[in-house]
Amino acid sequence: MGTEDTPLDVSVVPLTPENIKVANRSSYTPRALPAAFFATAGAGGAVHGRGALPQAPTVPNLTPPDEMVLRVPPEVQSGPYQIGIGDVVILATRAGGNSVEQLTGLLAAQRQRQGYTVRDDGAIAIPEVGAVAIAGLTVEEAEDQIFQRLVQNQLNPEFSLEVAEFNSKRASIGGAVANSVIVPITLSALHLDQAITAAGGITLKNNEFGVIRIYRDGTLYQIPLDDYFSTPSLQKTKLADGDSVYVDTDYDLTKAQAYYEQAINALDLRQRARTAALAELQSEISMRRAELSERREIFNAQLAANAVERDHVFLVGEVAKQSLVPLPFERTASLSEILFETGGFSTTTGNPAQIYVLRPAEDEQVIAYHLNAKNVVNLTMASRLELRPNDIIFVKAQPITTWGRALQQALPILLNQGADAL
């Protein structure tokens, strides 16, 4: 046991990779920052109003006739018809005494055709088989799906599938036409001239200022009638599911706007609800940010007033400034980091071959990890040694420094003695 007269038992250990591993094994958990430094002001998933806002429809303001420019809708991609909700499909079978007789109650025996409506869940209900999902499938894919289900139920009918009523994909046409109608999109593409014909044709007396407007996916396209009648390719413009076609002569789009009013108002209401929700969310986030900022400022003020408990190491000897150095939050610090952050030491007075980290051990012992930094390669050891609370970093003085200080202390005494002798 060490006393004032009996020094502590100090074990000097060279700083080697093996000894660094042993030194770093000592248990130490760096002090944590308050939770306010990790929290964000963003709200959780329960807050409504998040997500992309819907795009408002583009409704151009056409005033004079010379601004009735041609804006053709994008080309509709062709492909096989996909069965949709509301479509009516028919299973056609052969009549006569054969394997179809096994479908008693399944395909309405003694009947050659039985219709099924695609329900909201995308399936048709076949007796003795159950629900068969066919929405989104082509006719061929739907036949394969039904065939597999029949085989699973040990039924092997000969049948074919066809769409009897096309109710899932439609385009509407109104305005200056004989009759406002909804035209179904069937197995073949629906062209603009076909839709106009289905509505009884255009009823304008003067086509000079007439225009066909097509509302699709929130965007308004237009084809002036002069261009429509003079360009056959425009007459064959393919319509897509949900298109609204309006034949119009008003430059300010009054009639067209009334025709689209329901869809646009619904979109506007939804967007205003989203805007209000986002404003509420922004207000909540601002209050959270202010609260987090206040908590962080309070902590920083306590830190500046030294009112926060910290872990420290001691820096003594021939260093730039002998001081009590706080260890960082949330992580460990290395010997080299502390030395260089505090200004290091002067090689004029400090001895780079005699750098020690003194660490208390059991039984009142002290382990002195020795770093010989005269060999630059050994500096890598300093970056790997993790410091622990209450470690003492000691840089020994150069021999010439020790001699010089002794001379400075002895020289005044010698001068005084010489003066007294004289």
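These are my notebook entries on a predicted model of one protein chain.

**Ground rules**
I number residues from 1 along each chain as its sequence is written, and side-chain values use heavy atoms, with hydrogens and water left out. Because this is a predicted model, local features need pLDDT of at least 70 and side-chain atom pairs count only at pLDDT 80 or more, while totals for chains, interfaces and linings use all residues.

**Entry 1: the whole chain**
I began with the overall tally and found 10 helices and 16 strands. Helices (H or I, at least four residues) and strands (E, at least two) are DSSP runs, numbered from the N terminus. Of the 422 residues, 36% are buried; buried means under 20% relative accessible area, exposed over 50%, and partly exposed in between (1.4 Å probe, protein chains only). I then looked at contacts, meaning heavy atoms within 4.5 Å. Among those between residues at least 6 apart in sequence, 65% join residues at least 24 apart.

**Entry 2: a five-stranded sheet**
Next I followed an open sheet, whose strand order is β8-β7-β11-β9-β10 with mixed pairing. Two strands pair if DSSP finds at least two bridges between them. Which strands stand at the edges? They are β8 (181-184) and β10 (219-224); each has a single partner strand, so one side of each is left without a neighbour in the sheet. On average, neighbouring strands here are turned by 20 degrees against each other, direction ignored. The angles are between axes, lines fitted to C-alpha atoms (for helices over the stretch in contact), and run from 0 to 180 degrees between N-to-C directions. I also checked β7 (residues 170-175), which pairs with β8 in the antiparallel sense over four bridges. Ala171 has Val183 in β8 as its bridge partner.

**Entry 3: salt bridges**
I counted 11 salt bridges, each a side-chain nitrogen of Lys or Arg within 4 Å of a carboxyl oxygen of Asp or Glu.

- Asp248 and Arg213 form one of them, with the closest N and O atoms 2.2 Å apart. This pair links distant parts of the chain, since Asp248 is in strand β11 and Arg213 in strand β9 (residues 211-216), 35 residues apart. Both Asp248 and Arg213 are buried.
- Lys236 and Asp193 form another, their closest N and O atoms being 2.9 Å apart. Lys236 sits in the loop between α5 (232-235) and β11 (244-248), and Asp193 in helix α3 (residues 192-198), 43 residues apart. Lys236 counts as partly exposed because its relative accessibility is 44%, whereas Asp193, at 15%, counts as buried.
- Arg288 and Glu284 meet at 2.3 Å, N to O. Both lie in helix α7 (residues 261-304), four residues apart, about one turn of the helix.
- I also noted a network of salt bridges linking Arg31, Glu309 and Asp311.

**Entry 4: the nonpolar core**
Which of its 25 residues touch the most other members? They are Leu15, Val313, Leu335, Ile338, Leu371, Leu387 and Ile393. Elements giving two or more residues include α1 (17-24), β12 (312-317), α8 (335-341) and β16 (392-397). The largest share, three residues, comes from α8.

Conventions:
A nonpolar core is a set of buried Ala, Val, Leu, Ile, Met, Phe, Trp, Tyr and Cys residues joined through side-chain atoms within 4.5 Å.
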